[in-house]
Amino acid sequence: MRAITVRDRDAGVGGLTVTDMPYPRAAENDVIVRVHAAGFTPGELDWPGTWSDRPGRDRTPSIPGHELSGAVVELGYGTTGLTVGQRVFGPTDWARNGSLAEYTAVEARNLAPLAADIDHTVAAHLTTGQTILIHGAAGGVGSIAVQLAREVGARVIGTGRADDRDVALGLGAQIFLDLDADDLQHVGEVDVVFDVIGGDILKRSTELVRPGGTLVTIAMPPTVQPKDGRAIFFVVEPDRARLTDLAQRLRAGRLNPIVGAVRPLSETASAFARHRRTPGKTIIQVADEQGAQHS
Ligand SMILES: NC(=O)c1ccc[n+]([C@@H]2O[C@H](COP(=O)([O-])OP(=O)(O)OC[C@H]3O[C@@H](n4cnc5c(N)ncnc54)[C@H](OP(=O)(O)O)[C@@H]3O)[C@@H](O)[C@H]2O)c1
């Protein structure tokens, strides 16, 4: 089967190549999914799980991409809850071969059923009265965070690059800050900071958290704490109930995942490498619903 693989950690995105890989084996409680659409995370080539399995053994050549939407084609021994032919979506394990391939093996518990009227390209994106500051508000994760925060009635301040302003405001952010030009300290105190950038932006944001407030970052373990608040490093966990909830919001028109670009599998390396990203998430279309491959 065709897949995108990496072998050399030092090669960066230049090491992403289209490779002929063996069809995956379904372990106990796995399903094999025929991938229709796949998502990846910028920076995943730096994650240890891209290069080693859970006991720490080299697992190259490895297949990156950990978000998928597709159809179940095979069940492993003991697998329950899903059936062959079912449309599904969800994340794959970080330390196993991922979704940038025609087929992938995933634990069934990672996946949720996908209703017939939700497009695979959109589903591959879903992989979660206070004031919340959301960094990277037009990006893959931030654009979903803005919408979920608005749904629970929060006042949302979004940040990003100047070009992201219209997208962030269109998603429901009440205020937008251009991190290259505006002064972050002008935001004033907020109840929650949601950070996807890390580094200096994360450090400067801790000062904005009001007493009792929370700083959540998904970018890196925080090295600084808000004075009278908490700092949390959040790492996503597969959760079928939450995925189902997201799919229901999508069907009800309450969530609008921004698909920035849809590219074929053969263009994965340039999609990873793109310096200036389009807003939202870039999706790799591996095959269409009829089974035709996209090269
Ligand atoms: N912990 C977890 O479970 C978890 C899960 C998913 C993702 N992540 C991590 O979260 C991060 C974001 O993921 P994503 O998929 O949302 O990425 P993304 O789609 O690239 O979104 C990040 C957004 O932030 C903007 N941005 C980054 N640095 C900036 C800066 N210095 N000033 C202004 N804007 C800036 C980006 O703009 P540009 O494109 O112009 O830079 C982009 O719009 C990644 O590091 C990823 O590894 C962690």
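The legends below describe several views of one predicted protein model.

Residues are numbered from 1 along each chain as its sequence is written. Because this is a predicted model, local features need pLDDT of at least 70 and side-chain atom pairs count only at pLDDT 80 or more, while totals for chains, interfaces and linings use all residues.

**View 1. The whole protein.** The protein has 6 helices and 15 strands; helices (H or I, at least four residues) and strands (E, at least two) are DSSP runs, numbered from the N terminus. Along its principal axes the C-alpha trace spans about 55 × 45 × 35 Å. A compact globule of 295 residues would have a radius of gyration near 19 Å, and the protein agrees, with 19 Å. The radius is taken over C-alpha atoms, and the globule rule is 2.2 Å times the number of residues to the power 0.38. Of the 295 residues, 42% count as buried. A residue is buried if 20 or more other C-beta atoms lie within 10 Å of its own, exposed if 12 or fewer, and partly exposed in between, with C-beta atoms placed from the backbone.

**View 2. The two domains.** The protein is divided into domain 1 (2-125 + 238-293) and domain 2 (128-233), with bounds that come from an automatic or database domain assignment. Their C-alpha centres lie 27 Å apart. Where they meet, 9 residues of domain 1 are in contact with 9 residues of domain 2; contact means that the C-beta atoms of two residues, placed from the backbone, lie within 7 Å.

**View 3. Helix 2 and its cover.** Helix 2 (residues 140-151) has 12 residues and reaches 18 Å from its first C-alpha to its last, close to the expected 16 Å. The expected span is 1.5 Å times one less than the number of residues. Among the buried residues of helix 2 are V141, I144, A145 and A149. Their cover includes strand 8 (131-134), strand 9 (155-160), helix 3 (165-171), strand 11 and strand 15 (281-285). After helix 2 comes G153, whose phi is positive, near 90°.

**View 4. Helix 5 and its buried side.** The end C-alpha atoms of helix 5 (residues 240-251) are 17 Å apart, which agrees with the 16 Å that its 12 residues should span. L243, L246, A247 and L250 are buried in helix 5. These residues cover an arc of only 100° around the axis, which puts them on the same side of helix 5; the arc is that of the directions from the helix axis to the C-beta atoms. An α-helix has 3.6 residues a turn, so residues three or four places apart point the same way. Just after helix 5, G253 takes a positive phi of about 75°.

**View 5. The loop with G188 and E189.** E189 is in the loop between strand 10 (175-178) and strand 11 (190-195), and G188 is in the loop between strand 10 and strand 11. E189 is exposed, with 12 other C-beta atoms within 10 Å, and G188 is exposed with 10. Leaving aside neighbours within four places in sequence, E189 is in contact with L208 and R210.

View 6. Most residues other than glycine have a negative phi, and most peptide bonds are trans. N29, in the loop between strand 2 (17-20) and strand 3, has a positive phi near 70°. With 16 C-beta neighbours inside 10 Å, N29 counts as partly exposed. The peptide bond from T60 to P61 is cis, with omega near -5°. P61 is found in the loop between strand 3 (30-39) and strand 4 (67-75).
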